[in-house]
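Here is a walk through a protein structure, taken one stop at a time.

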Amino acid sequence: MSQNELAAQAQALITQLQTFVATAQAPAGVEHAATMVEPFMFLLTIFLLACFVGYYVVWNVTPALHSPLMGVTNAISSVIVVGAILATGLGESDLAKFFGLGAAALAAVNIFGGFIVTRRMLAMFQSKKKG
């Protein structure tokens, strides 16, 4: 086959694909199913799944790696604080604002705890001053 024939076949496939996409419709009831889930329940599900994943990730870390991991998570926790502040400020219900406030408080505790653990870890490697 020459390059011209391959290009013609590719163009024909592209045309068929464009026709298919233009005429394709979503299955019946998909729009209805998407509107049935409440945004609060969707976000609560994500929150609970994140809690379980975080719990199992932290508890399966070996003790030797736990202190460096705490030091690294300070940056991640700062992003969580920003997200929690946004959730608190943009929340429409009082329950969403409560969860946002709780997330901001827990992430702040995580940040400061990480700094304390990192300071203690670095102090272990400093030479003792003779006095």
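**Starting from one alanine**

Let's begin with Ala108, which sits in helix H5; helices here are DSSP runs of H or I with at least four residues, strands are runs of E with at least two, and both are numbered from the N terminus. Before going further, note that this is a predicted model, where local features need pLDDT of at least 70 and side-chain atom pairs count only at pLDDT 80 or more, while totals for chains, interfaces and linings use all residues. Residues are numbered from 1 along each chain as its sequence is written, and side-chain values use heavy atoms, leaving out hydrogens and water.

Look across from Ala108 and you'll find Ser77, 31 residues away along the chain, with 7.4 Å between the two C-alpha atoms.

Now zoom out. The protein chain has five helices and zero strands, so to speak an α-α-α-α-α run from the N terminus on. Of its 131 residues, 11% count as buried. Take the contacts (heavy atoms within 4.5 Å) between residues at least 6 apart in sequence: 66% of them join residues at least 24 apart.

The surface is next. The chain's accessible surface comes to about 11200 Å², with 72% of that belonging to carbon and sulfur atoms; these areas come from the Shrake-Rupley method with a 1.4 Å probe, and for residues only the protein chains shown count as cover. A nonpolar patch on this surface has about 1300 Å² of accessible area, and its members include Phe52, Tyr55, Trp59 and Phe98. Patch residues have over 30% relative accessible area and no salt bridge, with nonpolar side chains (Val, Leu, Ile, Met, Phe, Trp, Tyr) joined within 5 Å and like charges within 9 Å. A salt bridge is a side-chain nitrogen of Lys or Arg within 4 Å of a carboxyl oxygen of Asp or Glu. H3 gives the most to the patch, nine residues.

Finally, the largest pocket has a volume of about 1400 Å³. A pocket is an open set of points on a 1 Å grid where a 1.4 Å probe fits, with protein on both sides within 12 Å along at least five of seven lines, and lining residues have an atom within 4 Å of a point. Its lining has 37 residues, with Phe47, Ala50, Cys51, Ile80 and Ala103 nearest the centre. H4 supplies the largest share, 13 residues.

Methods:
Buried means under 20% relative accessible area, exposed over 50%, partly exposed in between (1.4 Å probe, protein chains only). Grid points are joined across faces, edges and corners, and a volume is the space filled by probe spheres set on the points.
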